[in-house]
Amino acid sequence: MRTGGGRVTLPPMPNEALLAAVKSIVANARSGKLDEAYAGYRDLFASPAFSTYEAHDQRQALRLMVHAKNLPKPLSSAVLEAHRTAVAPLTELVSKYNEPGDYEMLGMCHVAVGNEAGAMTVFRAGLDLERASNAQSDLCGAFMRRISML
């Protein structure tokens with residue numbers, strides 16, 4: 001893509017280390033090694049490099065874990081620790097970008113680790129933010145369902 005002055009700029013590329021970590025996590029999850037997969041998430045989210053990645057790339061990695069289907073019940077210590085570790089980068093994304101989807105993921109992590117009061121606060125803040133932009137959105141409905149379950 002060309003911009004003024006004849007310079008060529010390319011869209012940001014995902015970090016190779018991030019891609020390698022996510023591929024390893026996904027491979028472990030697909031082969032049924034859930035504790036190893038969640039240990040990988042924990043290590044990824046706790047790494048100093050994670051906060052240097054583009055917000056979009058951070059969200060994609062966080063979304064893979066937070067929105068995962070069919071979590072075993074009860075949650076293993078590896079799953080709980082990964083969700084605890086995800087709270088810090090999600091809190092940073094919420095404070096920097098104020099995106100409702102980040103609030104949803106942060107609230108879901110609070111629910112996973114048993115902090116229902118924190119989850120309620122986060123879900124309500126996300127709902128208020130999303131309602132201000134699109135009161136009929138699917139995300140508003142998701143927030144309301146999540147709040148009603150607490």
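I looked up which elements line the largest pocket: helix 5 (100-112) and helix 7 (138-149) each supply at least two residues of the lining. Helices here are DSSP runs of H or I, at least four residues long, numbered from the N terminus. The model is predicted, so I note that local features need pLDDT of at least 70 and side-chain atom pairs pLDDT 80 or more, while totals for chains, interfaces and linings use all residues. Residues are numbered from 1 along each chain as its sequence is written, and side-chain values use heavy atoms, without hydrogens and water.

The largest pocket holds about 400 Å³ of space. I found 16 lining residues, with Val66, Met108, Val111, Ala112 and Arg146 closest to the centre. A pocket is an open set of points on a 1 Å grid over the protein atoms alone, where a 1.4 Å probe fits, with protein on both sides within 12 Å along at least five of seven lines; lining residues have an atom within 4 Å of a point. A volume is the space filled by probe spheres set on the points, which are joined across faces, edges and corners. Helix 5 gives the largest share of this lining, 4 residues.

Next I checked helix 3 (residues 55-66) against helix 5: their axes, lines fitted to C-alpha atoms over the stretch in contact, come within 11 Å and cross at roughly 40°. Angles run from 0 to 180 degrees between N-to-C directions.
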